[in-house]
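Visitor: I am new to this structure and would like to be shown around. Could we begin with the interior?

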Amino acid sequence: MLETPGGQDYLVKVENVTAGYLSVTSFSSLTKTFTPVLRDINLSLRDGERVAVIGESGSGKTTLLKVILGLLKPVKGRVLIEGLDIYSSRKAWLRAVKKIGYVPQDPFKALDPRVKIKTSLMEPLETSRYSREEVNRLIKEAVKLVGLPEEVLEYYPSSLSGGMLQRVLIARALINRPKLFLLDEPTSSLDVSTQAQIINLINTIYHNYKMGILLVTHDLAVAQYLAERVIILREGRVIEEGFFEDVILNPRHEYTRLLVKSYMMEPI
Amino acid sequence: MVASLNYLFKRVFYSVFIVIGIIVVTYLLIILSPGDPAARWAGNPRGPGAEKAIEFARVELNLDKPLYLQVILFIYNVLTGNLGVSISTKTPVLTAIWTHMSSTLELLIFAYIIGIPIGVLLGVFSSLRRGSFKGDVLESIGFIVANTPSFWTGMALFLVFSEVLGVSSYGRIDTRLATIMGFKPITGFYLIDTLIQGNIILFFDVLKRLIPPAIVVSLYPIGTGIRVVRVLMSEALSEDYVKQAIALGVSRRTVIWDYAFKGIIPGLTQVMGLSFVYSLVDAMVVEYVFGREGLGSLLVGAVVSNDFKLAVATLIIISSFYIIANTITDIVQAWIDPRVKL
Amino acid sequence: MVLAVESKGLSIGYLDEEDRVLWVVKNVDMQVREGEIYCLVGESGCGKTTLGSSIAGVLPPYSVTRGELIIYGRRVIKDDLRSYEGVRGKLTSYIPQNPGSSLSPYMRIWDQFWRVLREQGLNEKTAKERATAILKTLSLGQGVLEHYPHELSGGMLQRVAIGLSLATGAKVLVADEPTSSVDAHLKLQLMRLFKDVRDNYGVTIVLITHDILLAGKACDRVAVMYAGEIVEEGDSISVLTRPLHPYTKLLVDVVPLLGFKKTLASIPGEPPKPGLLREGCYFYERCPFRDEVCLNHVETQVIDGRRVKCWKPLVDKTTS
C-alpha cells in the first residue's frame, strides 16, 4: 500500500491520469489498439470541498468516474484517496471504496427491481459488523435524512417515482457516512420541479455533514448550486478549472464561453 | 455489428476447418466400426487366394499405414476429388454422387423458387391482419403445413396425380424416351439439359415429374415462411423508422415493402438458409417416394451394399452441405446489411 | 390572422386494463397562428407529447378522443372520429425526438427523400433538386444523400430529419423535444436553425419541450401544460417574465439559472399521472396560493391577450 507524503492533504487526488479502452482492430485479433478517453487529467479535492466536473457527451466524464471508483485502471498516473493509491492493491481499493458514497446515473435502473428498498439500503452495510438492530436504525435514519416516509422501506422500486428513487440512492450512498460523495448526473433524468427538490436536499445534507462532494454533470447551472469549484472536461482533457464565478465571468477557452452563453437568458 | 472484409475471410477459413473436421470424424467412424473394411472391399472372398486378396485390398485402402497417415491421405484425397470407385455402381464415386446430388439439388432449388415467394407473400398478408380471423387462419395453416410429414404428403400427392389426374410423376425423366431421343445429361440438371439440347418434349416430361415432389418439398418453406415472416413483420412494423415513414406521408405499400420488409430480410435469410438445410433431408425422403435417384437412395444403397467409399463420400457431402449453406447464409446476411462493412 | 392549428375542448386518452379511460390531454383549447413558433412546455406526463402527436397525426390507434382538432380549417378530430387523410405527411409532419432511429438503416438518405417526395408527384430529377436545395438550407452538402444513416453524425441526422419533414411540403412541423439529447452549447444553434427554417419556408412550428428557458428564448408563443391542461398560453417573453398562473411562476422560479445564487424554490410533490377527470384545478395539491374554491371552480380568463386557467391569476405580482 502506497501512502504518499503530502498526498494526505487531499481527500481525492487524480494525478496525471491517462485512461481508455482497448479494442480489436485486425484480422488476427493479435493486435489491439488503445483508445485514450482521458488524457493527463489532474484533479484534487480536499475534505469538505465541493467540485463539479462539467462534461458533455464524449467528454470522458463517465470514464473519469470509473477511474476514481477503482473500476478502470489508468495506463498512466494514479488515483489517491486520502493518500492511498487505490490501484496499488486490492486491499487499498477496499479501504478506499468504503470512504466513497456513489450515486449512479438513472435512478430507474440503479436499484435491483426484485428486492425491497430496505434490502437495497442494507447492501452497503453488509461488510461492516453492525448488529441487526443497528442496521435497522441506520436504514430508518437514512430514509428520514432524505425526506422519505418510513413506509418506503417496504416498497419495491417500481412503485416509486423518479424523485423518490433518487432520494433512495442518496440515502444508500450516505449510509456508511462516507467522506466523499460522488454524484453522476444526479438530476438529469428528473423533472425540473423534482430537480429543485433534489438540489435543495443535497445542499441541506452538505450543510449538516460537510463531506467532500464530486459531482459530474453536463448542466452548468445545476452544478453552480451544488459546488464552489468547477472543472470543464472536453474530449478527455481539462480545458478550464477554477471557482465558478471566475470561470463564468472570465472564461479562457472559447468552448467555455459558448457553454456559458447557452445558459443566458437572451432570446435568439 | 461492424466487421470488415476480415469477417468474410474468417468465416470461410473457419468453415474449411470444420469441413476437414467432419472428414476426419467420418473417416474414423467408418474405420473404427466393427468388421473388416479390407475384407469387404475385397468382396469377402473365401478360398485359397482370399488372404492375399484381403491383404491387397488392405494396401489399396491404405489400411496398412499408421492411423494419422491414413487420415491425412484421406483428407488429401477428398480435397483433390479423388474419392475412388464405387463398387455398387461401378463408376467413380464422384460421378455417382454428382448424378444423384444434382437430382436432389434440382428438386430443392425448384421447390424453393416456388416456396419462398408464396411463403413470404402469405406471411406479409398474415402480418397485416394480426388479430383478425384471416390472419390467424393463415398462421394455423402455416403451422400445419410445415409440420405434416412429407412422406405422407408425398404419397398422397403421388396418388392424386397418378390416379386422379392420370399423370405419372415417377422418376426424373421418361428413360425410354430419353434413350430413344439420345438425351445426354450435361450439367446434371435435367431441366437445363433438355433446354440446352433443344428437346422441348423431354423438357415438359422432366417438368411434370418435378412439379409434384417439388410441391411437397415446398410445403416446409411455405409453412415456415408464413410463420417467420408474420412474426418478423409485426416487429418491423412497430419500429421507429416505420412509424416515422407513416408520419411523413409515405404510401402504405411503400411503407410495408421498402421500410418494414427490407428490415426483416437479414433475419429471413437466416431462417430460410436453415430451412434449406432441413429440406435436404426432406427432399431425400420425398425423392424416395417419387422414385427419383437422389442422395437418399444413394446413401441407403451404399450402406446396404457395404460400398465403403461411396458411403463415406456421401456422408461427407451431406454434412458439408450444412456447413456450406450456413456460411453462405451468414455471408449473404452480412452483405445485405449496410451497417456491416464488407 | 390564419390559424394553422386550433383545438376546441380536445381531450385524448387511452383505455387501461379495466376499460376505463385514462385522460392524458384534458379539454384543451389551443390556437397556433400561421408562421409562428409555438411551444408546448411542461414536465413529463403533462400531455405535451400526446397533444403534439395528435397534430402530427401519429396518435396510436388505441387512443380515445373527444372534442375537436382543426388544422388549416380541416377537422382531423371530431370526438371519437379521427381523419388524417390528406393531412398527415401533407399538411403536417413530425420531427421525432431520436432522429437516428427514425431513419431506415437499410436505405440511403436519398432513397428516403425520394419516397417522401414521390408522393407529391415529382419526377426523380426534380425530386433530387428539391432534396438538395432543402439540405443546403440546413447546411448539408449534396454528398449526404449518398450515405446511409449510420455513416452520419447525430447532428447531421437531426438536420436530415428536419429536411425530410420539410420535404413533405407540410405547413405545420411538430418537433418533439429536439434539444434533449443535444449538448448545451449546440442547443442554441439548433434553435437558430429552426428559426431559419421558419423564416425560409414560412412554416408553422410546434415545439415540444420540457425546458422552459428554451421555450422563452426560442418561441414566439408558449403554452404551459400541467396534468393534461394548458394552464397558460401567451407571448413567450411575457409568460416567462410575468407569469400569471401559479404553476408557471413556480416552474420559472424552480429552474436553476447561472449566476443567480439564491436558494432554489421547489414545488412539493410530483406531477400527476394520466387519469380521471376532475371538476376543479389539477394543481390544487401543490399550489401555494390555493383556496377551497379551487377544488370546484376553474375559469379560463383572458388577460393581456393571454389565456390563463386560474380563477385568481397572479396579476399585480411582478416577478423577474
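Guide: In this predicted model, the largest nonpolar core has 145 residues, and A:Leu121, A:Ile170, A:Phe181, C:Phe113, C:Val160 and C:Ile162 touch the most other members. A nonpolar core is a set of buried Ala, Val, Leu, Ile, Met, Phe, Trp, Tyr and Cys residues joined through side-chain atoms within 4.5 Å. Buried means under 20% relative accessible area, exposed over 50%, and partly exposed in between, with a 1.4 Å probe and protein chains only.

Visitor: Which helix gives the largest share of this core?

Guide: Helix H7 of chain A, residues 192–209, supplies eight residues, the largest share. Helices (H or I, at least four residues) and strands (E, at least two) are DSSP runs numbered from the N terminus.

Visitor: What is A:Phe181 in contact with?

Guide: Leaving aside neighbours within four places in sequence, the contacts of A:Phe181 include A:Gly101, A:Val103, A:Ile170 and A:Met211. Contact means heavy atoms within 4.5 Å.

Visitor: How should I read the numbering and the limits of the model?

Guide: Residues are numbered from 1 along each chain as its sequence is written, while chains are lettered from A and ligands numbered from 1 in the order in which they are written. Local features need pLDDT of at least 70, side-chain atom pairs count only at pLDDT 80 or more, and totals for chains, interfaces and linings use all residues, while side-chain values use heavy atoms, with hydrogens and water left out.

Visitor: Changing topic, how many disulfides are there over all chains?

Guide: The search of the whole structure finds one, a disulfide being a pair of cysteine sulfur atoms within 2.5 Å. It joins C:Cys39 to C:Cys219, with 2.3 Å from S to S. The two cysteines are 180 residues apart, with C:Cys39 in strand S3 (residues 37–41) of chain C.

Visitor: Are C:Cys39 and C:Cys219 buried or exposed?

Guide: Both C:Cys39 and C:Cys219 are buried. C:Cys294, by contrast, is in no disulfide, and the nearest cysteine sulfur, that of C:Cys310, is 6.1 Å away.

Visitor: Why does C:Cys294 count as buried?

Guide: C:Cys294 counts as buried because its relative accessibility is 8%.

Visitor: How many residues of chain C are in contact with chain B?

Guide: There are 25 residues of chain C in contact with 18 residues of chain B.

Visitor: And which side chains meet in a salt bridge?

Guide: Those of B:Asp258 and C:Arg115 do, at 2.5 Å from N to O. A salt bridge is a side-chain nitrogen of Lys or Arg within 4 Å of a carboxyl oxygen of Asp or Glu.
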